[in-house]
Amino acid sequence: EAQEALREVTGRGGRTVFFGGAGVSTASGIPDFRSVDGLYHQRFDYPPETMLSHSFFVAHPREFFDFYRQRMIALDAKPNQAHRKLAELEREGRLSAVLTQNIDGLHQMAGSRRVLELHGSVHRNICQRCGHVHSAEWIMGTEGVPACEECGGPVKPDVVLYEEPLDQDTLNQAAMEVANADTLIVGGTSLVVWPVAGLIDLFQGDRLVMVNLGETAADARADLVCNVDIARAFDF
Ligand code: OAD
Ligand code: ZN
């Protein structure tokens, strides 16, 4: 039923935009944040929300990078049916853009070209001194606090940590995509993290579709709510 609805809504023409979060990658084996088995319900030496903050990165870089290597980078994760279908829809001219809060790069791996990574990516780790970009693979080959392979300077993941602003250009482009969309499909996100959650307020189109295992605050405004696994919903 969700499959039929998504097939229909993506087949109608007009501008369609997908806006997703961690739930898009759970079927690829990457836990989300707020579900019962999500990252924020697991026990660590520090709360994960603390470890994902800019002040923790500065004060405890060693612990930050241990957590980053163990929990944020998932090199063996593969795209699932949701990623694959979204890439296919773009190739067919049925999807304008993917907006994602995920940092795993799986949309690009599936072949999507216009991906706006609102919270950055583990695949870019930038030297704060010379700007050299290091891969996630390179990070996984380091221990402790990594130093730039070019100049020895400090390396920071190009990931938006708590207390940090989002990239303004990416946010602006995402806002334009939502504002110009006729159809907005929102999937696998709890819509509780700002400013990204506010993007859907810019939607002026006529078809808002939610695909999420649980309820969200935007359900009341949606034209269609599908409480199903998103990898199954995109299997059409
Ligand atoms: P959340 O963990 O908050 O929400 C994921 C949502 O996806 C939940 O509502 C789940 O019910 C749903 N979900 C899980 N698996 C699903 C599946 N297979 N099919 C459909 N729905 C599924 O993750 P986000 O909303 O992405 O930010 O979290 C937003 C931000 O909070 C993240 O980008 C991260 C985090 O703090 C930063 O790290 C800056
Ligand atoms: Zn450098």
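A residue is taken to be near a molecule or strand if one of its heavy atoms lies within 4 Å of it. The views below show a predicted model, in which local features need pLDDT of at least 70 and side-chain atom pairs count only at pLDDT 80 or more, while totals for chains, interfaces and linings use all residues. Residues are numbered from 1 along each chain as its sequence is written, chains are lettered from A and ligands numbered from 1 in the order in which they are written, and side-chain values use heavy atoms, with hydrogens and water left out.

**View 1. The residues around ligand 1.** Ligand 1 has 23 residues around it, of which R34, Y40, Y162, T189 and S190 come nearest. Sorted by class, this shell holds 9 nonpolar, 11 polar and 3 charged residues, where Ala, Val, Leu, Ile, Met, Phe, Trp, Tyr, Cys and Pro count as nonpolar, Asp, Glu, Lys and Arg as charged, and the others, Gly among them, as polar.

**View 2. Polar contacts of ligand 1.** The pairs shown here are of N or O atoms within 3.5 Å. The side chain of T26 places an N or O atom 3.0 Å from a nitrogen atom of ligand 1. Backbone atoms take part as well: a polar one of Q101 is 3.3 Å from an oxygen atom of the ligand, and an N or O atom of the G188 backbone lies 3.3 Å from an oxygen atom of ligand 1. Of the 800 Å² of accessible area that ligand 1 has on its own, the protein covers 93%, the areas coming from the Shrake-Rupley method with a 1.4 Å probe.

**View 3. The sheet with parallel pairing.** Six strands, in the order β3-β2-β1-β7-β8-β9, form an open sheet with parallel pairing; strands are DSSP runs (E, at least two residues), as helices are (H or I, at least four), numbered from the N terminus, and two strands pair if DSSP finds at least two bridges between them. At the edges, β3 (115-117) and β9 (224-226) each pair on one side only. Strands β1 (residues 16-20) and β7 (residues 183-187) run parallel and are joined by 5 bridges, with V17 standing opposite L184 in β7.

View 4. A second open sheet has 3 strands in the order β5-β4-β6, with antiparallel pairing. Strand β4 (residues 120-127) pairs with β6 over 5 bridges, and I126 stands opposite K156 in β6. Helix α4 (residues 61-72) packs on this sheet and touches β4 and β6, contact meaning heavy atoms within 4.5 Å.

**View 5. Two backbone features in loops.** Most residues other than glycine have a negative phi, and most peptide bonds are trans. W194 and P195 are joined by a cis peptide bond with omega about 10°, and P195 is found in the loop between β7 and β8 (207-211). E163, in the loop between β6 and α8 (168-179), has a positive phi near 85°.

Notes
Axes fitted to C-alpha atoms, helices over the stretch in contact; angles between N-to-C directions. Polar contact = N/O pair within 3.5 Å; in protein donor to acceptor, adjacent residues only side chain to side chain.
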